[in-house]
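Subject: Structure for you to look at

Hi there,

Could you have a look and read through them when you get a moment?

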Amino acid sequence: MSVKVRFVAADGARVSEVDAAPGTRLLDIAQANGQPLEGTCEGQMACSTCHVVVDPADFAKLPLASENEEDLLDLATHVSRTSRLACQIWLEGFDSLTVRIPAEARNMQGR
């Protein structure tokens with residue numbers, strides 16, 4: 001079994017679909033598949049450079065964000081009600097997830 005992950009570009013014009021193994025971290029899947037999520041802190045929840053906007057239909061599938069994650073989201077731009085940090089999303093307990101890459105997303109490390 002795999003988890004179907006859909007990455008929607010900021011402009012909404014491009015959608016990339018990836019089959020991911022259950023239990024993997026969304027940030028790792030995004031980076032391995034060329035999505036512009038820098039993840040400067042390498043998933044240690046010390047920055048907000050892996051900010052994504054979860055599709056409202058999928059948001060309830062995820063556990064609630066921790067207070068630390070909420071604090072870091074306060075530092076991100078274009079935050080919405082369904083914003084999360086990709087380093088805090090583990091692909092388990094559901095079979096699909098759609099996220100939008102925010103307009104400000106840039107991968108300065110060139111991954």
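To begin with the secondary structure: helices (H or I, at least four residues) and strands (E, at least two) are DSSP runs, numbered from the N terminus. Counted like that, the protein has three helices and five strands, and along the sequence they come in the pattern β-β-α-β-α-α-β-β.

Before the details, please keep in mind that this is a predicted model, in which local features need pLDDT of at least 70 and side-chain atom pairs count only at pLDDT 80 or more, while totals for chains, interfaces and linings use all residues. Residues are numbered from 1 along each chain as its sequence is written, and side-chain values use heavy atoms, with hydrogens and water left out.

**Overall shape**

The radius of gyration, taken over C-alpha atoms, is 13 Å. That agrees with the value near 13 Å for a compact globule of 111 residues, where the globule rule is 2.2 Å times the number of residues to the power 0.38. Along the principal axes, the C-alpha atoms fill a box of roughly 35 × 30 × 25 Å. The accessible surface is about 5900 Å² (Shrake-Rupley method with a 1.4 Å probe; for residues, only the protein chains shown count as cover), and 50% of this surface belongs to carbon and sulfur atoms.

Of the 111 residues, 45% are buried; here buried means under 20% relative accessible area, exposed over 50%, and partly exposed in between (1.4 Å probe, protein chains only). As for contacts (heavy atoms within 4.5 Å), among those between residues at least 6 apart in sequence, 65% join residues at least 24 apart.

**Salt bridges**

I take a salt bridge to be a side-chain nitrogen of Lys or Arg within 4 Å of a carboxyl oxygen of Asp or Glu. The count by this rule is seven. One of them joins K4 and D19, with N to O at 3.2 Å. K4 sits in strand β1 (residues 3-8) and D19 in strand β2 (residues 15-20), 15 residues apart. K4 is partly exposed at 26% relative accessible area, whereas D19 is exposed at 52%.

E17 and R6 form another salt bridge, also listed at 3.2 Å, N to O. Because E17 lies in strand β2 and R6 in strand β1, this pair ties together parts that are 11 residues apart in sequence. Both count as partly exposed, E17 with 49% and R6 with 26%.

D11 pairs with R14, their closest N and O atoms being 3.1 Å apart; D11 and R14 are both exposed.

**Cysteines and S48**

How many disulfides are there? With a disulfide defined as a pair of cysteine sulfur atoms within 2.5 Å, the count is zero. For C47, the closest cysteine sulfur is in C41, and at 3.6 Å it is too far for a bond. C50 has its closest cysteine sulfur in C87, at 3.8 Å, again too far for a bond. C47 is buried at 14% relative accessible area, and C50 is buried at 2%.

S48 belongs to the loop between α1 (26-32) and β3 (51-54). Its relative accessibility of 17% makes S48 buried. Leaving aside neighbours within four places in sequence, S48 is in contact with L72, L75, A76 and L85.

Best wishes
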